[in-house]
Amino acid sequence: MELDGNGIAGTMMGVFGHEMTTEFGTCASCGARSMVGEFRVYLRAPGVVARCRHCGSVVMVFVEARGVTCVDLRGLAALDPA
Amino acid sequence: MAISRGFQGRRRGDADPTRVPPGQYVTDDFPVLSAGPTPHTPLADWDFSIRGAVDRPVAWTWNEFLTLPSETVTVDVHCVTKWSKLDTVWKGVSLDTLLDGVETSAEHVLAFCDGGYTTNLPLEDVTGGKAWVAYEYGGEPLEPEHGGPARLLVPHLYFWKSAKWVRSLELRDHDKPGFWETYGYHTYGDPWKEQRYQGD
Amino acid sequence: MERAALPRGLTWQLGSVVALVDETPRTKSIALSLPAWPGHRAGQHVDVRLTAEDGYQAQRSYAIASAPEDDHVVLTVERLDDGEVSPYLVDELRPGDQLELRGPLGGYFVWEASLGGPLLLLAGGSGVVPLRAILRHHRVVESTVPARLLYWARALDDVIYRDELMANVFGDSVDIRFTLTREQPEGWRGWERWTDMELLQEVTWPPREHPLVYVCGPTPFVDRATFSLIALGHEPGRVRHVAFGPTGV
């Protein structure tokens with residue numbers, strides 16, 4: 001189902017080591033800059049997919065394989081604190 | 001590990017190893033997993049095509065698709081997130097029927113779907129009675145959240161290969177990874193060899 | 001001391017259930033004693049993890065219902081009919097049981113008095129949980145920031161923290177309103193409406209006052225409310241939202 005970035009606060013904390021929902025992500029597809037907490041998140045999947053709220057493109061993908069969570073950020077042009 | 005007193009979780013039946021691959025549990029419900037919003041393509045706009053490394057691409061509108069010879073099959077499906085569902089009943093058109101008359105020397109397939117999802121498979125894994133484009137589940141039209149109007153059904157591989165909302169198959173000389181394969185899931189995905197992730 | 005070296009919220013910690021309170025026929029508040037708890041900010045949530053004897057695990061997120069200043073960390077859980085975790089938490093858990101959780105999580109959806117206001121809280125069903133934490137915090141620090149809660153519920157029986165909210169224990173600068181969308185008691189003089197622009201316009205401060213808005217509830221509710229607020233001219237940066245699906249299933 002669809003949630004927002006708050007729904008993966010724990011996953012992101014585990015991967016990045018700190019609070020991420022207040023960071024700003026710039027979508028590599030449409031250039032929109034929004035808070036990570038605002039991304040549309042799809043949790044029930046073989047991985048966690050976060051999409052840009054403006055254009056729907058994939059901005060982040062988290063996959064847990066063999067106990068390690070990998071994150072793919074190629075959908076983001078930038079990720080920075082407020 | 002902290003055991004939660006009295007917690008059992010979803011009913012996980014005793015797994016019959018001849019039917020349930022390693023690491024899987026059997027479920028009675030039908031979980032909905034998705035990497036994005038459910039597409040809602042009107043049937044009037046829907047078509048299914050086979051293109052790419054073929055002599056002539058072929059395509060069917062929805063009405064044409066429904067006139068193709070169909071089969072009803074009962075299969076077990078296995079999701080990489082560990083649930084398996086036994087004896088699921090689907091109705092659809094066999095890929096053998098769809099590929100009949102299509103001339104190709106390609107060995108690989110990349111499936112394209114509404115919403116942008118893709119997955120890759122060897123051509124030989126969607127032929128020989130192993131794959132369908134299914135439009136009915138349990139005797140009813142396939143619901144959008146489960147992939148309707150039509151999805152790929154390839155039960156001998158992990159269920160992420162049974163791409164929901166499938167619209168076309170691109171036949172290719174060279175393999176190209178699809179969505180989950182790009183993010184670390186296995187290129188082939190044989191549940192009996194537990195090929196969940198790259199390197200398994 | 002290894003635990004101190006890890007970032008806050010990263011480690012799973014064990015708490016014990018101190019008390020259970022039936023809030024409505026479907027929701028229960030769980031008060032926990034957490035020896036390793038680092039403290040939290042109003043609006044944050046935790047991840048709860050359950051482990052069966054065979055090692056099977058299930059994990060869900062729950063908003064913290066208590067203010068940072070309260071004695072115990074309290075979670076309020078709504079039982080979902082086909083849920084996997086919520087029926088256990090609501091029906092099975094007993095005082096003395098251990099619960100594993102990680103947190104606090106979510107810096108995006110926090111309010112503290114220094115953020116100012118005016119403060120508008122929009123709650124859809126069990127979305128009221130973190131907003132109640134915000135109101136409790138508002139009261140403890142004796143904030144004079146004008147605050148308003150609008151709480152959507154199906155019927156009076158579904159209103160969580162009913163006594164607390166109906167009696168409005170939160171003080172003069174807090175205004176609490178309800179809209180009961182399916183069933184209203186006799187003599188009800190509150191709203192009966194679902195989310196719509198007119199209702200929001202009546203309730204919210206005009207954009208020129210730059211209210212801080214917190215919206216929490218199921219995804220369709222959050223989408224509709226957020227869309228309406230932006231359409232009414234509110235700055236997206238001052239509208240925070242937490243959406244949950246038919247989640248925690």
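A residue is taken as buried if 20 or more other C-beta atoms lie within 10 Å of its own, with C-beta atoms placed from the backbone. In the predicted model described here, this criterion identifies C:Thr219, C:Phe221, C:Val222, C:Ala225, C:Thr226 and C:Leu229 as the buried residues of helix α6 of chain C. Viewed down the axis of α6(C), these buried residues fall within an arc of 155°, so they line one face of the helix. The face turned away from that buried side carries the exposed residues C:Phe227 and C:Ala231. The length of the helix can be examined in the same way: α6(C) comprises 13 residues, 219-231, and at 1.5 Å a residue it should span 18 Å, which agrees with the 18 Å that separates its end C-alpha atoms. Just after the helix, C:Gly233 adopts a positive phi of about 105°.

The cover over the buried residues of α6(C) is drawn from two chains, and includes β1 of chain A as well as β7 (119-124), β8 (147-153), α5 (197-203), β10 (212-218) and β11 (239-244) of chain C.

The contact between chains A and C takes 18 residues from chain A and 19 residues from chain C. On the chain A side, β1 (2-4) and α1 (9-16) each supply at least two residues, and the largest share, four residues, comes from α1(A). By class, this side of chain A divides into five nonpolar, ten polar and three charged residues. Within α1(A), the residues A:Ala9, A:Gly10, A:Thr11, A:Met12 and A:Met13 are buried, and what covers them includes β5, β6 and β7 of chain A together with β3 (45-51), β4 (57-63) and β6 (98-105) of chain C. Just after α1(A), a positive phi of about 85° is found at A:Gly17.

Chain A also meets chain B, with 14 residues of chain A in contact with 15 residues of chain B. The strands β5 (48-51), β6 (58-65) and β7 (68-72) of chain A each supply at least two residues of the side that touches chain B, and β6(A) gives the most, with three residues. This side of chain A has eight nonpolar, one polar and five charged residues.

Chain C itself is divided into domain 1 (2-105) and domain 2 (113-244), whose C-alpha centres lie 24 Å apart. The contact between the two domains takes 17 residues from domain 1 and 14 residues from domain 2. The elements that give two or more residues to the domain 1 side are β1 (13-24) and β5 (73-78) of chain C, and by class that side has seven nonpolar, six polar and four charged residues.

In soluble globular proteins, nonpolar side chains tend to be buried together. In the present model, the largest nonpolar core has 136 residues, of which B:Val133, B:Ala134, C:Leu121, C:Ala123, C:Leu131, C:Tyr151 and C:Tyr214 touch the most other members. This core draws at least three residues from each of domain 1 and domain 2 of chain C. For C:Leu121, when residues up to four places away in sequence are not counted, the residues touched are C:Leu131, C:Ile134, C:Ala147, C:Arg148, C:Leu149 and C:Tyr214.

Technical notes. Residues are numbered from 1 along each chain as its sequence is written. Chains are lettered from A and ligands numbered from 1 in the order in which they are written. This is a predicted model: local features need pLDDT of at least 70, side-chain atom pairs count only at pLDDT 80 or more; totals for chains, interfaces and linings use all residues. Two residues are in contact if their C-beta atoms, placed from the backbone, lie within 7 Å. Ala, Val, Leu, Ile, Met, Phe, Trp, Tyr, Cys and Pro count as nonpolar, Asp, Glu, Lys and Arg as charged, and the others, Gly among them, as polar. A nonpolar core is a set of buried Ala, Val, Leu, Ile, Met, Phe, Trp, Tyr and Cys residues joined through C-beta atoms within 7 Å. A residue is buried if 20 or more other C-beta atoms lie within 10 Å of its own, exposed if 12 or fewer, and partly exposed in between; C-beta atoms are placed from the backbone. Domain bounds come from an automatic or database domain assignment. The expected span of a helix is 1.5 Å times one less than its number of residues. The arc is that of the directions from the helix axis to the C-beta atoms.
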